[in-house]
Amino acid sequence: MVQRPRRIAVLGSTGSIGCQALDVIRQLPDRFVAVALAGGQNTRLLAAQVAQVRPKYVFAEAESPELAAAVEHVGARFVSMDEMAVVEEADVVLVGTAGRAGLTPTLKALRAGRPVAIANKEVLVMAGHLVRRAMLEGDGELRPVDSEHSAIWQCLWGEEAHEIRRILLTASGGAFRDFDRSQLVRVTAEQALNHPTWKMGAKITIDSATLMNKGMETIEAMWLFGVPMEKVEVVLHRESIVHSLVEFSDGSVKAQLGVPDMRLPIQCALAYPDRMPAPPAPALDLGAIGTLHFGRPDLDRFPALALAMEAGRRGGTFPAAMAAADEVAVERFLAGEIGFLDIPRVIERVLERHDSVDDPDLETVLAADAAARQTARLAAVGAPV
Ligand SMILES: NC(=O)c1ccc[n+]([C@@H]2O[C@H](COP(=O)([O-])OP(=O)(O)OC[C@H]3O[C@@H](n4cnc5c(N)ncnc54)[C@H](OP(=O)(O)O)[C@@H]3O)[C@@H](O)[C@H]2O)c1
């Protein structure tokens, strides 16, 4: 039987994940087709993508005559991201937006029973409990895109979740893994944007350097795989070849390995439950790599990891407040207004001041987000909070 290509809605198509997803889709035209594209401010790139991909639906946060002309030219229609998340024509919704932008589209898609390939980790950090609830309500499905969670997901295929003893999330350690505190005080945004192994958007690259990204991933893992924080550990692994591991109740440990190329986990999430031909890239050559290194993270030099794991453990609105504070602090760091070590300082200050609410609804999560942003802005300029 000839199968029609899977139809993908790509939210965040102008970003690092989105562009790589379009690359995966372009490489396998018999298997995938993009039917909807959503971007934020980069309307020039989005207009070019619309002209090339010819989607049915388009969203952009910003307006531009060039984009409007491209949309009209291909006969597409502007819709909101919430509408895009539930269009009949999409078989899978890829949420590759950054920050809180993907939150309501993810909830809507899951409630409508759409499989969601999720890269937008802040969504799970802010409101993982609501995402899980939406998935159960709609009988929907979450497919991880983050390479570590894709690895864990693949290790769990054919396994029972209650047999998980530990999840071992690997971390490259970011751009400054070998820096001491005196060096960390002086690092610039330009240095921090230069990640040793992964080419990603600016926010996640800075989060990787502070290890906040890894901290968020521990919370992401809790919600994706239904485990408490006590079962999640972080292991440093500088080569980014072992993408993560799962230890089972009998002591057996499974790992997933691969070259560090985000197109592989993106394709895995879009193709599930099938395996499809790999994107054109060098294959894993362990003989050439020779040695793989592992170690423990240093929480004194990288306190953001401990802050995030603690927020995940405490639950309620703590993770949402933490994610919001981090977003503000990273923005300020990128603008050259605060130093690298001020990022965890701002987050810690916000968490100290935060009054958490248990089992928050969406409105409460968004209120916690807004309040934490306000406190973070004050903390970033050294004002009393
Ligand atoms: N990059 C990676 O390798 C990687 C790996 C694992 C997980 N992730 C996660 O995946 C997510 C995306 O990361 P990224 O590196 O691809 O980020 P990115 O390059 O900054 O891209 C973010 C995308 O979201 C869009 N966007 C932002 N705000 C929006 C809004 N309000 N409405 C509509 N679109 C909006 C951006 O549009 P414009 O650019 O047009 O403004 C862009 O398309 C993050 O949560 C990140 O943590 C990324």
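**Entry 1: Ile 25**

I am working with a predicted model. I began with Ile 25. Is Ile 25 buried or exposed? Ile 25 has a relative accessible area of 7%. Buried means under 20%, so Ile 25 counts as buried. I then looked up where Ile 25 sits, and found it in helix H1, residues 16-27. Leaving out residues up to four places away in sequence, I listed what Ile 25 touches: Ile 8, Val 10, Phe 32, Val 33, Ala 34 and Leu 270. I checked one of these partners, Ile 8. Ile 8 and Ile 25 are 17 residues apart along the chain, and their C-alpha atoms are separated by 8.6 Å.

**Entry 2: the cores**

Next I looked up the nonpolar cores. How many residues does the largest nonpolar core have? The largest one has 92 residues. Met 84, Leu 142, Met 322, Phe 340 and Ile 343 have the most contacts inside it. Helix H15, residues 318-334, gives the most to this core, with 11 residues.

I went back to Ile 343 for its partners. I set aside its neighbours within four places in sequence. Ile 343 is then in contact with Ile 206, Thr 210, Asp 326, Ala 329, Val 330, Phe 333 and Ile 338.

**Entry 3: the cavities**

I turned to empty space. Rolling a probe the size of a water molecule over the atoms shows where such space is left. I found three cavities of 30 Å³ or more. The largest cavity holds about 60 Å³ of space. Its lining includes Ser 147, Glu 148, Trp 198, His 237, Ser 240 and His 243. Helix H7 (147-156), strand S8 (164-171) and strand S10 (242-248) each give two or more residues to this lining. I sorted the lining of the largest cavity by class: three nonpolar, six polar and one charged.

**Entry 4: Ser 240**

Ser 240 is one of the residues lining the largest cavity, and I looked at it again. Ser 240 lies in the loop between strand S9 (232-236) and S10. Its relative accessibility is 5%, so Ser 240 counts as buried. Most residues other than glycine have a negative phi. Ser 240 has a positive phi of about 55 degrees, although it is not a glycine.

I noted another such case, Arg 54, with a positive phi near 55 degrees. Arg 54 is in the loop between helix H2 (43-53) and strand S3 (57-60).

I found 17 residues lining it, and Trp 153, Leu 156, Ala 161, Leu 224 and Phe 225 are the closest to its centre. The lining of this pocket divides into 11 nonpolar, two polar and four charged residues. H6, S7, H7 and H11 each supply at least two residues of it.

I followed helix H11 (212-225). How many of its 14 residues are buried? I counted 13, and H11 is mostly covered. From first C-alpha to last, H11 reaches 20 Å, close to the 20 Å expected. Gly 226 follows H11, with a positive phi near 60 degrees.

Most peptide bonds are trans. Pro 273 is in the loop between helix H12 (263-271) and helix H13 (286-289).

Notes:
Residues numbered from 1 in each chain as written. Predicted model: local features only at pLDDT ≥ 70, side-chain atom pairs only at ≥ 80, totals over all residues. Heavy atoms only, no water. Core = buried A, V, L, I, M, F, W, Y, C linked by side-chain atoms within 4.5 Å. Buried < 20%, exposed > 50% of the residue type's maximum accessible area, 1.4 Å probe, protein only. Helix = DSSP H or I, 4+ residues; strand = E, 2+ residues; numbered from the N terminus. Contact = heavy atoms within 4.5 Å. 1 Å grid on protein atoms, 1.4 Å probe; cavity = no way out; pocket = protein on both sides within 12 Å on 5 of 7 lines; lining within 4 Å. Points joined across faces, edges and corners; volume = space filled by probe spheres on them. Nonpolar A, V, L, I, M, F, W, Y, C, P; charged D, E, K, R; others polar. Expected span 1.5 Å × (residues − 1).
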